[in-house]
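Dear colleague,

Please find below the structure that I am handing over to you. My notes on it follow directly after.

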Amino acid sequence: MDIIFGRNKKEQLEPLRARVTGRIPAWLQGTLLRNGPGMHTVGETRYNHRFDGLALLHSFTIRDGEIYYRSKYLRSDTYNANIEANRIVVSEFGTMAYPDPCKNIFSKAFSYLSHTIPDFTDNCLINIMKCGEDFYATTETNYIRKINPQTLETLEKVDYRKHVAVNLATSHPHYDDAGNVLNIGTSIVDKGKTKYVIFKIPATVSGGGKKGLSPLKRMEVFCSIASRSLLSPSYYYSFGVTESYIVFLEQPFKMDILKMATAYLRGMSWASCLAFHREDKTYIHIIDQRTRKPVLTKFYTDPMVVFHHVNAYEEDGCLLFDVIAYEDSSLYQLFYLANLDKDFEENSRLTSVPALKRFAVPLHMDKNAEAGSNLIKLSSTTARALKEKEDQVYCQPELLYEGLELPRINYTHNGKQYRYVFAAEVQWSPILTKILIIKYDILTKSSLKWGEVHCWPVEPVFVPTPGAKDEDHRIILSAIVSTDPQKLPFLLVLDAKSFTELARASVDVEMHLDLHGLFIPGADWDAGKQASSREERDRAAERHVAPRT
């Protein structure tokens, strides 16, 4: 596991031509842009958690059957401060840092006070967000960083708080057909209230003659949901949308704000302020996008932890939504670096198995229904919604599949009825033994899989064929990291319908295990600056890329 999780990865600043075996479809042109932690040690200091590592951007640019790879660390304020000090001086979620060990007691006391309301990190290591014509590296704090998707250069820093009052925000926004961005964040004790704020960023801005006006400056609050607790709001990682509704889960995985305010003084990480309350419920909030108000019926289900929503849609007066659910929060514990060392297989017993579950809620309450009756009459699911009181419904999900994570879909079906989930399948027996790429058919409950010994696939990205009518037509891209030092990492190109391998592009680099990203159709790269002729590029490829083993 040290190859994957323990080593700092080197940058590949100039485009490196990959060795392609197989055939890449001629229509596949663009850049796969990815983000994830790549550096966990600075000087003699080390981060505690995998999701604390410094953000490393990397990309695969595809053009005319060739693929070029490059990577570059996000030059965040956090990165720059750490590198300059040659140690970790900016706190991350699982690692509390102290930037002033040599200053006097009065300076330290002032520093403690300044952390009462934390100024979170801008180490945006989780995802890439498209906003208008711009791209941003994102994390779960109030900061995002604009980047150049071609050169991976870090540009300006953006603080959500200058536009909407949120201290935290998800890295999993949604996009409508016009390209508008919908996201959700938490506003902590603002004017005496803690609430979940759903905000919207327009795809384009009418600047009244002003050229280049950022859509971020026209960000607006779409609606808000009051937290059930002023000082213990829910942690969440994503949310769901349909054509008319928004789905938000207020789960019993909660942040203790009082503990967070004193964490720096106590020498504790912010992660220690998160706790799973298994005696509590998971509350399902449904917001009508047309009225911008929550549906009055109170829906709830059993305690669970959800990181990834898969999709949601409406059917015959019901709203169905699919999530990857855990029985507790032990997944987060698993990714402490101490658990990812040599005893990883034993430590992997810590986590509950992720399960793809389908929930169904009635959009219109039947006032004449008896208490205890099932309000879901759909033949397409066994999920139930049991009426308890006039305005309260208990939701019981349908278990679709166990072992899925990092789900993606054909995004043209986002918020609409769909059939296929593309994901990583994690196999436990009872320890983690294998990770595969899977295509799961919700309709037939069947699956197709791809896997290879020593290969760790990351989140699969679906790239549809232009003008395609079938939902699974046609390409899956996934960066594959190898645990075998003799086997190079590569970009895998799969036919999404048959799940057969079309091609792979091997690169002689230490590729990191990333988290999330997106595909940018038609993107180009500055290849002309890197080699004066195809022959020079070919010779460079021979020097840097060994034959596939």
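Is Cys124 buried or exposed? In this predicted model, Cys124 is buried, because its relative accessibility is 0% and the cut-off for a buried residue is under 20%. Cys223 is likewise assigned to the buried class, with a relative accessible area of 7%. As for disulfides, the count for the model is 0.

Phe5 belongs to helix α1, which covers residues 2-6. With a relative accessible area of 5%, Phe5 is buried. Which residues does Phe5 contact, once its neighbours within four places in sequence are left aside? They are His40, Arg50, Phe335, Leu337, Leu340, Trp456 and Leu513. One of these partners, Leu337, stands 332 residues from Phe5 in sequence, yet the two C-alpha atoms are 7.6 Å apart in space.

Helix α5

Ser330 is part of helix α5, which is made of residues 330-334. The relative accessible area of Ser330 is 11%, so this residue counts as buried. The side chain of Ser330 also takes part in a polar contact of 2.6 Å with the side chain of Asp328.

Backbone angles

As background, most residues other than glycine have a negative phi. Asn86 is not a glycine, but its phi is positive, at about 60°. Asn86 sits in the loop between α2 (77-85) and α3 (105-114). Val189, also not a glycine, has a positive phi of about 45°. Val189 is located in strand β14, which runs over residues 181-190.

A nonpolar surface patch

Which residues make the nonpolar surface patch of about 310 Å²? Val189, Leu230, Leu231 and Leu258 make this patch. Of these, Leu231 is placed in the loop between β16 (220-226) and β17 (240-241). Leu231 is partly exposed, because its relative accessibility is 30%.

Positive phi values are found at Asn86 and at Val189.

With kind regards

How values were computed
Residues are numbered from 1 along each chain as its sequence is written. This is a predicted model: local features need pLDDT of at least 70, side-chain atom pairs count only at pLDDT 80 or more; totals for chains, interfaces and linings use all residues. Side-chain values use heavy atoms; hydrogens and water are left out. A disulfide is a pair of cysteine sulfur atoms within 2.5 Å. Buried means under 20% relative accessible area, exposed over 50%, partly exposed in between (1.4 Å probe, protein chains only). Helices (H or I, at least four residues) and strands (E, at least two) are DSSP runs, numbered from the N terminus. A polar contact is a pair of N or O atoms within 3.5 Å; within protein, one must be able to donate a hydrogen and the other to accept it, and residues adjacent in sequence count only if both atoms are side-chain atoms. Contact means heavy atoms within 4.5 Å. Patches are made of residues with over 30% relative accessible area and no salt bridge: like charges are joined within 9 Å, nonpolar side chains (Val, Leu, Ile, Met, Phe, Trp, Tyr) within 5 Å. Accessible areas come from the Shrake-Rupley method with a 1.4 Å probe; for residues, only the protein chains shown count as cover. A salt bridge is a side-chain nitrogen of Lys or Arg within 4 Å of a carboxyl oxygen of Asp or Glu.
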